[in-house]
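Here are my notes on the two-chain model you sent over. Have the structure open while you read, and take the points in order.

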Amino acid sequence: MKNFSRRSFLQSSSVGAAVVTFGGLAPSALQAAAEASKSGRILVVVELTGGNDGLNTVIPYADETYRKLRPKLSIPKNSVLRINDELGFHPSLRGFSELLEAGKLAVVQGVGYPDPNRSHFESMDIWQTCQRTTDVRNDGWLGRMLEEYSDSSGTDPAGIHLGTNKQPLSLLSRKLRFPSVRSLEQFRLQGIDKVQFRETVHDLADASRDNGNALLDFVQSSTSSAINASERLTATDAHYKSAVAYPENELAQQLQTVAKLISSGLQTSVYYVRLDGFDTHSKQPDAHQALLRQLGDSVNAFIADIDQMSMSDRVTVMAFSEFGRRVAENASEGTDHGTAGPMFLAGSLVKAGLIGKQPSLQNLEDGDLKHHTDFRQIYAAVIEDWFQCKSETILKGSFAPVKSFVTNS
Amino acid sequence: MNQILNNNIDPQWAWSEYKANDECPWNLRTAAHLYRRAGFGATHEEIVIAAGKEPLAEVDEIFAAKEPSSFANEMKSLADAAIASGNVRQLSAWWSYRMLHTPAQLLEKATLFWHGHFATSAEKVTQAKLMLTQNELLRSFSIGDFPELVMKVSHDPAMLLYLDSATNRKAHPNENFAREIMELFCLGEGNYTENDIRELARCFTGWEIRRDEFRFNPYQHDAGNKIIFGQTGEFSGEDGVKLVLEQKATPEFVVSKLIRFFVMDEPVADEALVAPLAKQFRNDGMRIEPILKRILKSNLFFSNYSIGRKVRSPVEFAIGLLRCLEGSTNTFALAEAMQTLGQGLMYPPSVKGWDGGRTWVNSSTLLGRSNLIRNLITNEKTRFGKQSLQDYFVGKELYSSRSIIDYMEGIAFAVPISDQAKDRIESLMKPDTPSSLVEGFHALCTLPEFQLG
């Protein structure tokens with residue numbers, strides 16, 4: 001990477017094509033976006049894939065119904081990490097419990113949406129696009145938000161997905177392309193240190209095709225973004241130093257990569273990571289415990305790292321799952337697909353504590369919790385109060401933001 | 001997402017038997033297309049032979065191709081070794097090897113389709129033996145009877161373990177398998193109700209996996225009346241599967257997926273385009289071979305609606321490149337690389353399988369694909385017709401950079417390469433040394449055109 005000239009790279013990319021560089025916006029939109037974004041704020045989304053069992057995450061330990069419906073799975077009163085006289089965290093969520101005590105965690109309870117769908121894929125798509133299956137779904141809420149918000153005067157991607165799995169639908173945009181990054185090392189194109197090779201692949205990826213094949217246009221613009229992003233991201237790795245010890249798991253690794261990218265001054269507004277495995281139909285206790293420990297410890301380490309960089313007023317973490325799980329346990333020491341569940345916001349500027357009400361265990365619908373807060377109300381808070389954008393077109397409807405951030409944030 | 005419905009393809013024209021014409025000629029390009037879709041790819045020599053025959057007869061030949069017993073025996077002993085290792089990744093390598101070397105490519109391509117359809121991951125089903133059993137089931141029914149395949153899959157230990165249905169008790173029916181058989185295997189979302197799922201789940205109570213085999217436990221079966229799709233009866237699990245198969249949505253759902261996999265990513269076939277095939281599929285007792293033959297013999301398949309209108313999956317990308325150059329390599333490393341690119345054999349990302357199409361592509365996977373090319377051609381384990389890449393091209397009497405580029409375009413590209421791109425790559429390849437061949441070949445296979453199949 002020694003002889004590398006970013007300048008030559010950027011100069012050789014043609015700005016005229018619809019989607020060429022990172023942001024990929026047309027020039028007029030570039031300007032509008034630059035004006036729209038001043039805060040430099042960052043959202044890190046953690047997707048808890050598979051349907052997190054909210055009731056064993058934020059536990060209504062004082063409620064006898066909880067124990068009755070979960071003879072095998074209920075967490076004993078004396079081992080929960082108390083939040084108040086009714087609720088407590090799962091014992092392996094020490095990371096969250098500490099964040100709450102430090103005033104850096106908000107727990108939004110009973111989040112869901114009307115007429116809930118219990119299919120993983122459908123429900124996840126609903127969370128990601130804010131649209132039902134009968135609607136046309138050709139972009140996601142983060143994609144739409146970044147089209148409005150992102151500060152694309154630079155060349156950094158507005159959003160980055162960490163991981164090798166397919167990109168979340170929420171990041172789908174009709175105008176922007178967002179890279180997926182597994183590790184910084186993997187993001188380095190081999191041979192790119194050789195000038196002639198680099199220039200050849202770069203120019204050939206940039207040249208717009210004009211043969212009426214929309215798939216080819218898509219692949220061309222994606223290849224162009226990839227080669228640009230590769231250069232930028234591999235160059236940032238050198239800057240990062242941290243005294244925080246991250247736990248050894250994949251989520252922590254990914255969050256640390258996010259921390260590295262943030263520390264390098266990348267102008268990216270949204271990072272997206274996943275923690276998979278929450279579909280606990282059978283033998284739930286061990287699996288769920290391990291997942292929650294990963295979640296709590298990794299987010300805790302990440303927030304500590306961000307604090308040390310003095311970036312804490314710029315970064316919020318948001319964790320969600322596509323649904324909670326059935327209140328009553330099943331016969332396989334597991335739980336089936338349910339509905340409402342908690343969401344989490346972490347960072348220095350979140351309104352720490354419990355937000356909203358725990359859904360009643362008595363008043364169920366088909367054996368499932370009734371939601372109190374629509375997930376789009378949290379999104380609205382993120383869009384309006386964190387990113388200072390209008391949420392209505394992004395969310396395809398008007399949703400009252402739930403107070404989730406401290407005033408003037 | 002991104003469903004561009006198409007309303008201007010005439011179904012009558014689309015599914016009529018292909019006849020070569022000026023717009024859709026039968027030539028090296030269309031023959032290579034047929035091999036890419038009905039398999040993974042073919043060598044220049046194979047394409048030349050195919051183009052000299054009648055296209056429809058060529059399709060029949062592809063369907064009739066059988067694995068010689070020597071090959072089947074070799075596969076069996078390699079599978080045994082993989083099982084003995086206890087490592088499912090060895091099984092992924094084994095399947096990669098099979099795709100790379102089988103003379104019956106369609107069988108593997110169709111098996112891959114069903115692996116994505118009845119997706120089961122060794123991430124959860126950690127026993128190599130059970131994954132192999134399922135893989136063999138999918139292969140033996142890959143162009144067989146769909147209803148029988150569904151029934152067998154419903155009793156398949158790997159599937160039931162994957163969907164947490166290894167125990168299924170009367171008092172607490174597990175809904176997972178009932179949901180997926182409707183949503184993902186037969187009907188598609190929107191063609192059933194939540195209540196249908198709950199009732200169907202009751203039918204499956206008493207189904208168990210014991211000592212790695214399916215067993216029916218009558219003591220745990222809920223023998224009461226169930227109401228599914230408005231029909232009432234004391235349905236068993238098998239009755240439940242049959243009820244699902246009888247739904248009108250089943251042939252439509254399966255045919256749509258076949259069209260998307262074998263013909264085109266986009267546009268998504270609309271109802272009118274699916275209808276004639278769905279009707280035939282239904283009337284034929286949902287036998288897969290006749291419907292797939294009709295698809296691969298159709299005007300639509302040999303038209304520009306299809307050629308170059310699919311994003312290659314990682315398996316199609318890597319196996320395809322190697323097959324058209326008689327390549328062989330370390331298949332363990334290859335299988336791992338394909339997994340990193342998003343398509344781990346035996347490791348689909350979820351029960352929904354791979355979404356395919358545009359979702360294969362993002363910055364990370366594109367850079368990974370490009371790096372895989374360089375790793376493959378510089379790895380000494382990779383041989384082309386048992387030689388180095390350079391010697392292979394010399395053996396084909398390809399002495400100039402331009403002739404290599406043109407040769408590659410003919411066998412490995414579904415979309416033509418512009419002269420300007422050829423010029424640039426030629427100058428990168430120019431000084432005819434092994435290292436400049438690597439640079440040029442790597443740049444060639446990093447072209448966006450190379451991602452389409």
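1. First, a term: "buried" here means under 20% relative accessible area, "exposed" over 50%, and "partly exposed" in between, with a 1.4 Å probe and protein chains only. Helices (H or I, at least four residues) and strands (E, at least two) are DSSP runs, numbered from the N terminus. With that in hand, look at helix α17 of chain B, residues 314-324: 11 of its 11 residues are buried, so the helix is largely enclosed by the rest of the structure. That includes B:Glu316 and B:Arg323. Just after α17(B), B:Glu326 takes a positive phi of about 50°.

2. Some housekeeping. This is a predicted model, so local features need pLDDT of at least 70 and side-chain atom pairs count only at pLDDT 80 or more, while totals for chains, interfaces and linings use all residues. Residues are numbered from 1 along each chain as its sequence is written, chains are lettered from A and ligands numbered from 1 in the order in which they are written, and side-chain values use heavy atoms, with hydrogens and water left out.

3. Chain A overall: 12 helices and 12 strands. Of its 409 residues, 61% count as buried. Contact means heavy atoms within 4.5 Å; among contacts in chain A with a separation of 6 or more, 74% come from residues 24 or more positions apart.

4. Now the interface. Chain A puts 60 residues into the contact and chain B 55 residues. The area buried between them (accessible area lost on being put together, 1.4 Å probe, summed over both) is about 4900 Å², and carbon and sulfur atoms give 57% of that. On the chain A side, A:Phe121, A:Leu204 and A:Leu215 lose the most area to chain B, together 14% of what that side buries.

5. Salt bridges (a side-chain nitrogen of Lys or Arg within 4 Å of a carboxyl oxygen of Asp or Glu) number 5 across the interface of chain A and chain B. One joins A:Arg326 to B:Glu175, at 3.5 Å, N to O. Both residues also belong to a network of salt bridges with shared partners, along with A:Arg118, A:Asp368, B:Arg179 and B:Glu194.

6. Over all chains, the search finds 49 salt bridges. In chain A, A:Arg70 and A:Asp53 pair at 2.7 Å, N to O. Each of the two lies in a loop, and the pair ties together parts that are 17 residues apart in sequence. Buried or exposed? A:Arg70 is buried, and so is A:Asp53.

7. Another pair to look at is A:Lys104 with A:Asp307, at 2.5 Å, N to O. A:Lys104 is in the loop between α4 and β5 of chain A and A:Asp307 in helix α10, so this bridge ties together parts that are 203 residues apart in sequence. A:Asp307 is partly exposed, with a relative accessible area of 23%.

8. Nonpolar cores are sets of buried Ala, Val, Leu, Ile, Met, Phe, Trp, Tyr and Cys residues joined through side-chain atoms within 4.5 Å. The largest has 218 residues, of which A:Phe302, B:Phe146, B:Leu325 and B:Phe393 touch the most other members. Helix α10 of chain A gives the most to this core, with 8 residues.

9. Last, where is B:Ser142? This residue is found in the loop between α8 and α9 of chain B. B:Ser142 is buried, with a relative accessible area of 1%. Beyond its neighbours within four places in sequence, B:Ser142 is in contact with residues including B:Trp114 and B:Ile288.

Methods. Buried area = accessible area lost by both parts, 1.4 Å probe.
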